[in-house]
Amino acid sequence: MDSTMNEGNNSFPVDRPVEALLRDHQMVRTLVESYRNTDSDQVKINAAEQILMLLETHSLLEEGVFYPGVRDVNPEMIDHFEQEHQKTDEMLAELKRISLSDPQAFTIFEQVVEATLHHIEEEENEFFPQLEQANMDMTPLGLQMQAHEANLAHIQAQANQQGARR
Ligand SMILES: [Fe+2]
Ligand SMILES: [Fe+2]
């Protein structure tokens, strides 16, 4: 396949799927910056909502497709990452029970942000170089990840439509 066909903004880099993960990580960092560098509650809440949405899709992609596909490179490290996801999921479940404008939500959200920044650093600095070294053909996994993302986007669009109708 001609790789230039895949270079549009929303395209998935099927032969370099780690780039899609890095793109998400970078977006999280940018959103965290906007969250931290504003005094406006509304801007904070908007940034927080976007971070939460992104974390949800990113975690599903890693847990459902990426981690299983690369587990053999370093099973202990993947276990560790899955545990970190689980801890964050517990905080997110807690957050979902309260409103984002609740003062307590702010504290939990800060913990989610700290844990997430630490987690993505670990993925990038400790795991991705090992994966690079392993020299796997990433395209089969990239195709699965692309399909997973497309499917998730479809489900979310449906959920949003239903939400709008309520
Ligand atoms: Fe992760
Ligand atoms: Fe990640």
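**Two helix pairs in a predicted model**

Helix α3 (residues 75-97) packs against helix α4 (residues 103-134) at an angle of about 165°, and their axes are 10 Å apart. This is a predicted model, in which local features need pLDDT of at least 70, side-chain atom pairs count only at pLDDT 80 or more, and totals for chains, interfaces and linings use all residues. Residues are numbered from 1 along each chain as its sequence is written. Helices here are DSSP runs (H or I, at least four residues), numbered from the N terminus. Axes are lines fitted to C-alpha atoms over the stretch in contact, with angles from 0 to 180 degrees between N-to-C directions.

So α3 and α4 are roughly antiparallel, the term for angles over 145 degrees. Their crossing is left-handed, meaning the near helix is turned anticlockwise from the far one by less than a right angle. Among the contact residues are Phe-81, Met-91 and Leu-92 of α3 and Ile-108, Phe-109 and His-119 of α4; contact requires C-beta atoms, placed from the backbone, within 7 Å. By class there are 11 nonpolar, four polar and five charged residues.

Now the other pair. Helix α1 (residues 17-36) and helix α2 (residues 41-70) have axes that come within 9 Å and cross at roughly 160°. That makes α1 roughly antiparallel to α2, and this crossing is left-handed. The contact includes Leu-21, Met-27 and Tyr-35 of α1, and Ile-51, Leu-54 and Phe-66 of α2.

Last, the record. UniProt, in an unreviewed entry, places "domain: Hemerythrin-like" at residues 17-131; such annotations may be inferred rather than shown by experiment. That span is 89% helix and 0% strand, and its end C-alpha atoms lie 12 Å apart.

Notes: Chains are lettered from A and ligands numbered from 1 in the order in which they are written. Angles under 35 degrees count as roughly parallel, over 145 as roughly antiparallel, 65 to 115 as roughly perpendicular and the rest as oblique. Two residues are in contact if their C-beta atoms, placed from the backbone, lie within 7 Å. Ala, Val, Leu, Ile, Met, Phe, Trp, Tyr, Cys and Pro count as nonpolar, Asp, Glu, Lys and Arg as charged, and the others, Gly among them, as polar.
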